[in-house]
Amino acid sequence: MGFDEMDVSTIWMDGEFVDWDDAQVHVLTHGLHYGTGVFEGVRCYDTEEGPAIFRWDEHLDRFYASGQPYNMDIPFEREELTAATTELIRRQELDGCYIRPVAFYGYDSLGVSPKDCPVKVAIAAWPWGAYLGEEALEEGVEVMVSSWRKHASSQIPTNAKTTGLYVNSMLAGEEARRNGYTEAIVLNKEGDVAEGPGENLFMIRDGEIYTPGLSESILDGITRNTVITLARELGYTVHDQATISRGELNTADELFFTGTAAEVTPIRKVDNVVIGEGTRGPVTEDIQGTFFDLVERRIDDHSEWFTYVYE
Ligand SMILES: Cc1ncc(COP(=O)(O)O)c(C=O)c1O
């Protein structure tokens, strides 16, 4: 669904709330030409105690950290961004929603050096359901291993959530969709499994859980961290610095994606090879169920992970 069909009205931009249609930038904005922006994707869940932003602190940590390799000082304090975001949700009377903070080098000159370009910051929030579809959460998605590889972290910091990085994600995802799949799995430069275009990946084998380590060219996903924590609390052994070869995908008992957008989405086929029983497996179901019980506050553990919008 496009923004024009949504009931949204306001965007926070450089310290002010502006009408949705007035949140504009100049066409010679540095970030538009060179991908010099950083962003976050955050979910706010509709809970019994009202809308609650999930792991806002960790998203803010990553937002500021993403700017560091680019010498980008985000010119707003955490408290200002938090107040702006909660107010944005209240003003638009949103309950469950997706939040998109973005910071980028703005308009001044178009040398590759952004030296005199101001750092612009905006936050938007809008309703957003299951990223890969409701059915996908139950039955799983069919994915292909992309012919595109992830950047090595020696080429571009893959642990920073940089706008420019997402051309790689777009290429991989669109290649998959052109071939009839829902999503891609992207290998790293070495040919081992990195992640999805916008998701981390988990594998289950013989009851134990594996996910590629931070040196495998992945984004250090906040849902990845959540799932590792919850899985350990459920008693599973989690290998969180694994190297997973391409072949292991096909012989896995279960596979699933994690991400703010994708939440916990099972994978039922890779390159048309059926994974496990070809639907959501028992370990995935256990973890996914716990994840949704937690974020929708049916269990009240980890209250430190929630920022309530009306407090
Ligand atoms: C490339 C990539 N990997 C992994 C993730 C998952 O990260 P998170 O769980 O923090 O949303 C995302 C989404 O933000 C992503 O874009």
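This is a predicted model: local features need pLDDT of at least 70, side-chain atom pairs count only at pLDDT 80 or more; totals for chains, interfaces and linings use all residues.
Local features need pLDDT of at least 70 and side-chain atom pairs count only at pLDDT 80 or more, while totals for chains, interfaces and linings use all residues. Residues are numbered from 1 along each chain as its sequence is written, and side-chain values use heavy atoms, with hydrogens and water left out.

Start with strand 1, residues 10-13. Helices (H or I, at least four residues) and strands (E, at least two) are DSSP runs, numbered from the N terminus. Both faces of strand 1 are covered. T10 and W12 are buried on one side, and I11 and M13 are buried on the other. Buried means under 20% relative accessible area, exposed means over 50%, and partly exposed lies in between (1.4 Å probe, protein chains only).

Strand 1 has partners. Four bridges join strand 1 to strand 2, and the two run antiparallel. Two strands pair if DSSP finds at least two bridges between them. Within this pairing, I11 has V18 of strand 2 as its bridge partner. Two bridges also join strand 1 to strand 7, again antiparallel. Here W12 is partnered by I123, and M13 by A122.

The hairpin of strand 1 and strand 2 has two residues between the strands. D14 lies in that loop, between strand 1 (10-13) and strand 2 (16-19). The phi of D14 is positive, about 50°, although D14 is not a glycine. D14 counts as partly exposed because its relative accessibility is 28%.

A positive phi turns up at E263 too. There the value is about 55°, and E263 is not a glycine either. E263 sits in strand 15, residues 263-270. With 5% relative accessibility, E263 counts as buried.

Go back to strand 7, residues 119-126. Seven of its eight residues are buried, so this strand is mostly covered. Strand 6 (residues 97-105) runs antiparallel to strand 7, and eight bridges join them. P101 stands opposite I123 of strand 7. I123 is also the bridge partner of W12.

F63 counts as buried because its relative accessibility is 1%. What does F63 touch, beyond residues up to four places away in sequence? The contacts (heavy atoms within 4.5 Å) are V38, F39, E40, I74, L81, P101, V102, A103 and V121. Take A103 from that list. F63 and A103 are 40 residues apart in sequence, yet their C-alpha atoms are 8.5 Å apart in space.

Next comes Q92, in the loop between helix 3 (78-91) and strand 6. At 8% relative accessibility, Q92 counts as buried. Its side chain reaches the backbone oxygen of A125 at 3.3 Å. That is a polar contact: a pair of N or O atoms within 3.5 Å, where within protein one must be able to donate a hydrogen and the other to accept it, and residues adjacent in sequence count only if both atoms are side-chain atoms. Leaving aside neighbours within four places in sequence, Q92 is in contact with V8, S9, T10, W20 and A125.

P157 takes us to another loop, between strand 8 (141-149) and helix 5 (166-178). P157 counts as partly exposed, at 23% relative accessibility. Setting aside residues up to four places away in sequence, P157 touches P69, Y70 and L165. E93 is 64 residues from P157 along the chain, and their C-alpha atoms are separated by 37 Å.

Finish with the ligand. Which residues are closest to the ligand? Y166, E195, I222, T223 and T260 are the closest of the 14 that surround it. A residue is near a molecule or strand if one of its heavy atoms lies within 4 Å of it. By class, the shell has four nonpolar, six polar and four charged residues. Ala, Val, Leu, Ile, Met, Phe, Trp, Tyr, Cys and Pro count as nonpolar, Asp, Glu, Lys and Arg as charged, and the others, Gly among them, as polar.

An oxygen atom of the ligand is 2.8 Å from an N or O atom in the R62 side chain. A ligand nitrogen atom is 2.7 Å from an N or O atom in the side chain of E195. A polar backbone atom of I222 is 2.7 Å from an oxygen atom of the ligand. Taken alone, the ligand exposes 380 Å², and the protein buries 95% of that. Accessible areas come from the Shrake-Rupley method with a 1.4 Å probe; for residues, only the protein chains shown count as cover.
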